[in-house]
Amino acid sequence: EALTKGLIAKKNWTEAVRTLEKMISMEPNCSDWLEDLGMCHANIKDYVIAKKYLLLSLSFDPFDYIAWNTLGDIYQQLNAVNDAEQAYRNALKYRSKV
């Protein structure tokens, strides 16, 4: 996990995606890794894939306000305004519970 955090910090998105995919193949229900993978795809502007991984992450941890916020950003990029608004509302709702 430290390796992926380092790759993300260096904005080495391609290598981070490759590493996270390997990690997820061993532990497919890890919401944090799925969220990181979604975020990496968002940074390379692959918004459809980013949305897929963030939604999967949220299926395991529906109270993750950071994932909801990132998903809102992705919906904005996909011109899904209503979905973006709902994602941002969820982010605010769950952040207030922290």
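Colleague: What percentage of the 98 residues of the chain count as buried?

Modeller: Start with the cut-offs. Buried means under 20% relative accessible area, exposed means over 50%, and partly exposed lies in between (1.4 Å probe, protein chains only). Here, 42% of the 98 residues count as buried.

Colleague: What should I know about the model before going on?

Modeller: This is a predicted model: local features need pLDDT of at least 70, side-chain atom pairs count only at pLDDT 80 or more, and totals for chains, interfaces and linings use all residues. Residues are numbered from 1 along each chain as its sequence is written, and side-chain values use heavy atoms, with hydrogens and water left out.

Colleague: How many helices and strands are in the chain?

Modeller: Helices (H or I, at least four residues) and strands (E, at least two) are DSSP runs, numbered from the N terminus. This chain has six helices and zero strands. Its pattern along the sequence reads α-α-α-α-α-α. The radius of gyration is 13 Å, close to the 13 Å from the globule rule for 98 residues, so the chain is as compact as a globular protein of that length. That radius is taken over C-alpha atoms, and the rule is 2.2 Å times the number of residues to the power 0.38. The C-alpha trace spans about 35 × 25 × 20 Å along its principal axes.

Colleague: Which residues have the most contacts inside the largest nonpolar core?

Modeller: A nonpolar core is a set of buried Ala, Val, Leu, Ile, Met, Phe, Trp, Tyr and Cys residues joined through side-chain atoms within 4.5 Å. The largest one has 15 residues, and those with the most contacts inside it are L54, L58, W68, L71, I74, Y75 and A87. Helices α4 (47-60), α5 (65-77) and α6 each supply at least two of its residues. The largest share, five residues, comes from α5. There is also a second, separate core of 14 residues, which includes M23, L37, C40 and Y53.

Colleague: Which residues is W68 in contact with, leaving aside its neighbours within four places in sequence?

Modeller: Contact means heavy atoms within 4.5 Å. With those neighbours set aside, W68 is in contact with L58, P62, A87, N90, A91 and Y94. Now look from the other side. A91 touches Y65, W68 and N69, not counting residues up to four places away in sequence.

Colleague: Which backbone angles deserve a look?

Modeller: Most residues other than glycine have a negative phi. K45 has a positive phi of about 65 degrees, although it is not a glycine. K45 is found in the loop between α3 (31-43) and α4, and it counts as exposed at 61% relative accessibility. N79 also has a positive phi, near 60 degrees. The place of N79 is the loop between α5 and α6, and N79 is exposed, at 67% relative accessible area.

Colleague: How many positive and negative side chains does the chain have?

Modeller: Lys and Arg count as positive, Asp and Glu as negative; His and the chain ends are not counted. Each charge is placed at NZ of Lys, CZ of Arg, CG of Asp or CD of Glu. The chain has 12 positive and 13 negative side chains, and the centres of the two sets lie 3 Å apart.
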